[in-house]
Amino acid sequence: SAVWHLWDTAFENFFVGKWNIKMIKTYINYEQLKNRTGDDKELIYDFLEVLKSELENYEQNFETAFLNNDKEALLSAIHKFKGAIGIFGFSNIYDKLVFIENELKKNISINCFYNEKNHIFISVKKHIDELEKNIT
């Protein structure tokens with residue numbers, strides 16, 4: 001109904017505002033990275049290359065889930081992406097993804113998080129740049 005649509009729109013606008021973040025602070029947990037890779041610089045570099053080559057696919061999976069309003073697809077994309085970035089110690093991004101995942105499981109509309117997608121992927125690229133500077 002029209003009333004439901006207005007309420008739903010108002011609800012989403014409230015939560016989009018509530019959860020809108022400026023940018024995710026660039027922070028790499030190097031201790032975590034070292035523990036997960038044995039401090040093997042070549043391994044870290046190889047993993048980074050794989051992540052960089054797959055980043056567009058991950059972002060497309062998020063975009064497709066949003067376009068199709070498919071919460072299950074978005075949850076799946078988040079889960080896979082958390083696995084892909086987890087090894088690198090990108091703690092702030094990982095925590096943001098966990099937060100979104102938990103909110104989606106509470107039946108919050110996926111539209112509330114559309115703007116987060118861009119912030120997340122921009123932040124991942126900044127984290128990758130930062131990590132590359134520090135492992136070479």
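**Note on the predicted model: salt bridges, core and confidence**

1. E101 forms a salt bridge with K82, and the closest N and O atoms of the pair are 2.5 Å apart. The term salt bridge here denotes a side-chain nitrogen of Lys or Arg within 4 Å of a carboxyl oxygen of Asp or Glu. Because E101 belongs to helix α5 (residues 91-105) and K82 to helix α4 (residues 71-86), the pair ties together parts that are 19 residues apart in sequence. Helices (H or I, at least four residues) and strands (E, at least two) are DSSP runs, numbered from the N terminus.

2. The structure is a predicted model, in which local features need pLDDT of at least 70 and side-chain atom pairs count only at pLDDT 80 or more, whereas totals for chains, interfaces and linings use all residues. Residues are numbered from 1 along each chain as its sequence is written, and side-chain values use heavy atoms, with hydrogens and water left out.

3. Buried means under 20% relative accessible area, exposed means over 50%, and partly exposed lies in between (1.4 Å probe, protein chains only). D95 lies in helix α5 as well, and its C-alpha atom is separated by 9.1 Å from that of K82, 13 residues away along the chain. D95 counts as partly exposed, at 49% relative accessibility.

4. The structure holds eight salt bridges. In one of them, E49 pairs with K52, with 3.1 Å between the closest N and O atoms. The two residues are three apart in helix α3 (residues 41-67), so about one helical turn separates them. E49 is partly exposed at 29% relative accessibility, and K52 is partly exposed at 33%.

5. K106 and E103 form a further salt bridge, their closest N and O atoms being 2.9 Å apart. Elsewhere, salt bridges that share partners join E49, K52 and E132 into one network.

6. Which residues have the most contacts inside the largest nonpolar core? They are L51, F62, F81, F90, I120 and L131, in a core of 35 residues. The elements giving two or more residues to this core are α3, α4, α5 and α6 (114-135), and the largest share, eight residues, comes from α3. A nonpolar core is a set of buried Ala, Val, Leu, Ile, Met, Phe, Trp, Tyr and Cys residues joined through side-chain atoms within 4.5 Å. In soluble globular proteins, nonpolar side chains tend to be buried together.

7. When neighbours within four places in sequence are set aside, L51 is in contact (heavy atoms within 4.5 Å) with Y58, F81, A84, I85, F88, F90 and I128. For the chain, 78% of the contacts between residues at least 6 apart in sequence join residues at least 24 apart.

8. There are six aromatic pairs. Rings of Phe, Tyr and Trp (its six-membered ring) pair if their centres lie within 6.5 Å; planes under 30 degrees apart count as stacked, over 60 as edge-to-face and the rest as tilted. F62 and F121 make an edge-to-face pair, 5.1 Å centre to centre with 90° between the planes. The pair links distant parts of the chain, F62 in helix α3 and F121 in helix α6, 59 residues apart.

9. The chain has six helices and zero strands. Buried residues make up 41% of its 136 residues.

10. The mean pLDDT of the chain is 85, and 82% of the residues score at least 70; pLDDT is the predictor's confidence in each residue, from 0 to 100. Among the elements, helix α1 (residues 2-19) has the lowest mean pLDDT (46) and α4 the highest (96). Over residues 1-22 pLDDT stays under 50, and the model has 22 contacts beyond four places in sequence for this stretch. Where pLDDT is low, the predicted coordinates should not be read in detail.
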